[in-house]
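Visitor: I have this one open in the viewer. Can you walk me through it?

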Amino acid sequence: MLKTLRAKILFYFLLVSLSGILIVSFSIQWGFEASFNHYLNEDRNERITQLIKALKLEYKENRTFTGERVTQLLYQQGTTDRLFYKIYTPDEILLIDSTSISEDPIPSDNEMRMNPYQDQEETWQTSSELIKVDGNTIGLLKVYYPKGFVDSESVFLQTIQKYIIIAVLITIVLALAFSMLFSKRLTSGLNSLSGAVEELTKHKQNVRVPLDNLSEEMKQLGVAFNELAMSLEKEERLRKEFTGDLAHELRTPLATLRSQIEAFQDGIWEPTPDRLQQSHSELMRLVRLVNELEKLLAAENPQIRLNKTELEADKMLSSIQQLQTPIFKEKGVSLIVHIPEEKIIFKGDFDKVTQILTNVVNNALKYTPEGGTVTISAIKDISMGGFRIKDEGIGIASQDLPHIFERFYRGDKSRARKTGGVGVGLSIVKALVEAHKGTITVESELDKGTTFTILFPLIEK
Ligand code: ADP
């Protein structure tokens, strides 16, 4: 019972609306009956007063009650308002009696006194009024009227009740219809989300939740879910690509090595120093690949240990300049290093930051032809500071730019093989920068050059 959210919403919606309807209709019914009773009493009192006035006038004119002035009134009140009277002298001699015009028998005073709740078709009520003129009692008026409502009054009340019941029924039907619709709409978003989660657990990462028709809160959940599914899909794609790429990276040097060694064994090839050197370089390529993968694994490890100290950008730049100048000279590429005048200090692991800079600067050298220039400078904004490495190399195609930080991604595979790159360097750089809570961005134009910007959170001094 009431296990699903929809059933619960339906139940509570109905409960609330039905209690509201019942409270409102009962209070209307009771309030209406009470005020209608009040109105009838007032109306009756007014008619009695009207009769007393007429009686007093008659008494003043004739010093006795002849009934002339009031006959019409008595008849009218008896037939239309069901008000009947007995008028007595002060010593209780009956002078006028209009109870005889009642269609239903009115019990005598004695009968009423003996058994006021007798089982008659109609229960009668009575009240007495003294008629006074100038302080003297000139008569006694007894009024008889049926208890409850007279026919026309009950017809009126019944009509009102009928409308209240119709209104209640219509409201119940509407509440039922709306609550079903509302609960369906409210839970449909949840249902589609839980369906999508189920699909995701079955490794269907391409599942997405449609965001239209979702409420604001559900939309946020939907957006978060879609982003999660997207990143899982990307991870899955990268994992598959990584496995494929790794197999590919291993296959080529292994196949070359195998055929060379088999040729040596079969005596087809003489193991000359040159050929042995060739085999050795293939082997070294494998060793480099494994080393790079180890470095990547270490950099991507969430528990990476960083030996953080305060690093000064100018000192880092001088050290990089010292390290890199010989290999730049060797290739014939100029290295310009702008040492900043102001102090830019950030916290970082000296070895890891050196590794980051070396990788990016090595790439800049690798992809810049002889005669080109690589410029390294320090930069600073409000809360971040770091380095900018600008080269005048081959540049990166715009379709390659979003992928260059992915493992094994190489812009031009054939050229990269020649340059000795395995496509892991920038993945290591990115992982290390992120471990420092820094950012790395790249701008590039084909045949013009590439600029990498690496920033770390600053220490304010
Ligand atoms: P690789 O070992 O192939 O250099 P990286 O991860 O360091 O691997 O770089 C990935 C790819 O990004 C490279 O193959 C190259 O296509 C591109 N790339 C990186 N740096 C530069 C640069 N300075 N100029 C041009 N292309 C670059």
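Visitor: Let's take the sheet with β1 to β4. What order do the strands come in?

Guide: This is a predicted model. In it, four strands make an open sheet ordered β2-β1-β4-β3, with antiparallel pairing.

Visitor: Which strands stand at the edges?

Guide: β2 (94-97) and β3 (124-133) do. Each has a single partner strand, so one side of each has no neighbour in the sheet.

Visitor: And the twist, on average? What is it from one strand to the next?

Guide: The average is 20° from one strand to the next.

Visitor: How many bridges join β3 to β4?

Guide: Ten, and β3 and β4 (residues 136-146) run antiparallel. Serine 128 has lysine 142 in β4 as its bridge partner, and valine 133 is bridged to asparagine 136 in β4.

Visitor: What sits between the strands in the hairpin of β3 and β4?

Guide: Two residues lie between them, and aspartate 134 in this hairpin takes a positive phi near 50°.

Visitor: Which strands does helix α1 lie across?

Guide: Helix α1 (residues 5-62) lies across β1 (84-88), β3 and β4, and runs at about 35° to β3.

Visitor: OK, the other sheet. What's the order of its five strands?

Guide: The order is β6-β8-β9-β11-β10, in an open sheet with mixed pairing. At its edges are β6 (334-338) and β10 (439-445), each pairing on one side only. The twist averages 15° from one strand to the next.

Visitor: Which helix packs on the sheet touching β6?

Guide: That is α7 (residues 313-331), which also touches β8 (373-380) and β9; the direction of α7 makes about 170° with that of β6. Helix α10 (residues 425-435) packs on the sheet as well, touching β10 and β11, and its direction makes about 140° with that of β10.

Visitor: Back to the strands. Do β9 and β11 run parallel or antiparallel?

Guide: Antiparallel, with seven bridges joining β9 (residues 384-391) to β11 (residues 449-457). Isoleucine 389 stands opposite phenylalanine 452 in β11.

Visitor: Now the ligand. Which residues come nearest?

Guide: There are 19 residues around the ligand, and Asn363, Tyr367, Asp391, Gly411 and Leu426 come nearest.

Visitor: What does the side chain of asparagine 363 have 2.8 Å from an N or O atom?

Guide: An oxygen atom of the ligand. Tyrosine 367 has a polar side-chain atom 3.0 Å from an oxygen atom of the ligand. For leucine 426 the backbone is involved: one of its N or O atoms lies 2.8 Å from an oxygen atom of the ligand.

Visitor: How much of the ligand's accessible area does the protein cover?

Guide: The protein covers 96% of the 530 Å² that the ligand has on its own.

Visitor: Which element gives the largest share of the shell around the ligand?

Guide: α8, with three residues. Each of α8 (350-366), α10 and β11 supplies at least two residues of that shell.

Visitor: And how do the shell residues divide into nonpolar, polar and charged? What are the numbers?

Guide: Nine are nonpolar, seven polar and three charged.

Definitions and conventions
Residues numbered from 1 in each chain as written. Predicted model: local features only at pLDDT ≥ 70, side-chain atom pairs only at ≥ 80, totals over all residues. Heavy atoms only, no water. Pairing = 2+ DSSP bridges. Axes fitted to C-alpha atoms, helices over the stretch in contact; angles between N-to-C directions. Contact = heavy atoms within 4.5 Å. Near = heavy atom within 4 Å. Polar contact = N/O pair within 3.5 Å; in protein donor to acceptor, adjacent residues only side chain to side chain. Areas by Shrake-Rupley, 256 points an atom, 1.4 Å probe, with all protein chains shown as cover. Nonpolar A, V, L, I, M, F, W, Y, C, P; charged D, E, K, R; others polar.
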